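Please open the model in a viewer with the chains coloured separately.

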Amino acid sequence: MAKIKYIEFNGTEHEADVANGLSVMEGAIQNDIPGIDADCGGGMSCATCHVYINDDEWFKKLPEKEMGEDDMLDQAFEPKSNSRLSCQLIVSDDLDGLTVHMPEKQV
Amino acid sequence: MIKTDVVIIGAGPTGLFCAHQLGIIGLKCEIVDNLDKIGGQCIELYPDKPIYDIPAVPECTGEELTNNLIQQIKPFNFNFHLSDRVQELKNENNKWLVKTLNGKEFETPNVIIAGGVGSFEPRKFPTKSAEKYDGKSVLYSIKDKTIFKDKSVVIFGGGDSALDWAIELSNSSKVTLVHRRDEFRGAPASVQKIRELSDNKTIDLITKYSIKDVKGNGSLESVEIKSETGESKIIKADYVLGFFGLIMKLGPIAEWGLNLDKKTIPVNTENFETNKKGIFAIGDICTYPGKLKLILSGFHEGALAARGCFKYARPDEKYRFEFTTASSTIKDRLGVKE
């Protein structure tokens, strides 16, 4: 279980306890947190669960991107070097306290 | 005006198998999709990715699945209306009048929405200023490449479309290719070609930059790009091209008076009819308690929706359940010779 903080583009903060094994994307969807669309349902084929990890320490601590994630991020709205697809961030105790920032929009 | 029993919106796997089920029970249908090819997400998003959960098919790609589904409905000779989009649904005398973007019109008692997450559209530049040049000098697809001759063209993106067009247009235009990172997702041969063209100064290659603003006075003059560390550059541009892949938008479906739950359409699980009589929703776009966004669920939903259509298409007939293995009527429809 990890407490994940989701911050919308307008600054609204949401916190959710997300069970280990779920993705950060699923944590948002299951808790009705707006700002993450996840059109493809977690298949790494749409780039609509795009988030920023503003804390550099956290960004480095996250599991590395798999092949294809950066390719999808190319197709996201305003990708940056601290962008991740939240469907690829699988929750474990290690992610307790993670904060993700949502982009202005997903599509 | 085309009269038919069912209009299916969406030529993905769910729409295709639903067409099969309609054919089996003797109904006609017309299939509309806004992509230029059949297959929906399977063909647009993951043609080469293996799928492992199609019943009785241990492994297949999105393209193989699509080809097999096309093969399966061949006997019915249904019409596809590709690169077109259903724009308007209107009810008249218990029939639905369906109008498309390209001006096609259908009259039908049934519409089945199998539209996935909506229609695919190119992702556009995030900058507001690009909007006023949209379709004129800011483009997301190329219809006529001759317009770029001897012009300054700035291309954004790192996939095959961006690389292929940068290579192609470098013969006759001043090309700048801008991409947000050093790696490209395009085919390795194209990436190598781009590096060569950049090394011999045929094209300008700028990485780790993205668009900031487009500027012009009536007509487009330049594009401003920014790096994440805050530097910016201004590049002269007659045309700006963006190739960031496709996004999915619900589009006009949202305007047809259907109940919506976020981006999905609630249905009953008996026949997948929506809150509007004769309008059904199946596949990823529908929702109900326990809904799974799996292709196999879409197949099931399509089979039941097809039966749901029968009563409106053939109000004076009684639907008879038959097995394909045993029914000579179905075998006739399939053109199977015994």
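Begin with chain B, which is divided into domain 1 (2-121 + 247-334) and domain 2 (124-244); these bounds come from an automatic or database domain assignment. Between the centres of domain 1 of chain B and domain 2 of chain B, taken over C-alpha atoms, lie 38 Å.

This is a predicted model, in which local features need pLDDT of at least 70 and side-chain atom pairs count only at pLDDT 80 or more, while totals for chains, interfaces and linings use all residues. Residues are numbered from 1 along each chain as its sequence is written, and chains are lettered from A and ligands numbered from 1 in the order in which they are written.

**The contact between the chains**

Select the residues of chain B that touch chain A. The contact takes 18 residues from chain B and 15 residues from chain A, where two residues are in contact if their C-beta atoms, placed from the backbone, lie within 7 Å. On the side of chain B there are seven nonpolar, three polar and eight charged residues. In this classification Ala, Val, Leu, Ile, Met, Phe, Trp, Tyr, Cys and Pro count as nonpolar, Asp, Glu, Lys and Arg as charged, and the others, Gly among them, as polar.

**Helix α3**

Next select residues 62-73 of chain B, helix α3. Helices (H or I, at least four residues) and strands (E, at least two) are DSSP runs, numbered from the N terminus. The 12 residues of α3(B) reach 17 Å from the first C-alpha to the last, close to the 16 Å expected at 1.5 Å a residue; the expected span is 1.5 Å times one less than the number of residues. Within α3(B), the buried residues are Gly62(B), Leu65(B), Thr66(B), Leu69(B) and Ile73(B). They lie on the same side of α3(B), because they cover an arc of only 100 degrees around the axis, the arc being that of the directions from the helix axis to the C-beta atoms. A residue is buried if 20 or more other C-beta atoms lie within 10 Å of its own, exposed if 12 or fewer, and partly exposed in between, with C-beta atoms placed from the backbone. The cover over these residues includes α1 (13-24), α2 (41-44), β4 (50-51) and β5 (60-61) of chain B.

**Strand β19 and its partners**

Move to strand β19 (residues 239-242) of chain B, which is covered on both faces. Tyr239(B) and Leu241(B) are buried on one side, and Val240(B) and Gly242(B) on the other. Strand β12 (residues 138-139) of chain B runs parallel to β19(B), joined by two bridges; two strands pair if DSSP finds at least two bridges between them. Leu139(B) has Leu241(B) as its bridge partner. Strand β13 (residues 152-156) of chain B also pairs with β19(B) in the parallel sense, over four bridges, and here Val153(B) stands opposite Tyr239(B).

**The hairpin of β17 and β18**

Select β17 (residues 219-227) and β18 (residues 232-236) of chain B, which run antiparallel and are joined by five bridges. Val223(B) stands opposite Ile235(B). Four residues lie between the strands of this hairpin, in which Gly230(B) takes a positive phi near 105 degrees.

**Gly278**

Finally, which loop holds Gly278(B)? Gly278(B) is found between β21 (265-266) and β22 (279-281) of chain B. Gly278(B) is buried, with 22 other C-beta atoms within 10 Å. Leaving aside neighbours within four places in sequence, Gly278(B) is in contact with Trp96(B), Pro109(B), Asn110(B), Val111(B) and Tyr312(B).
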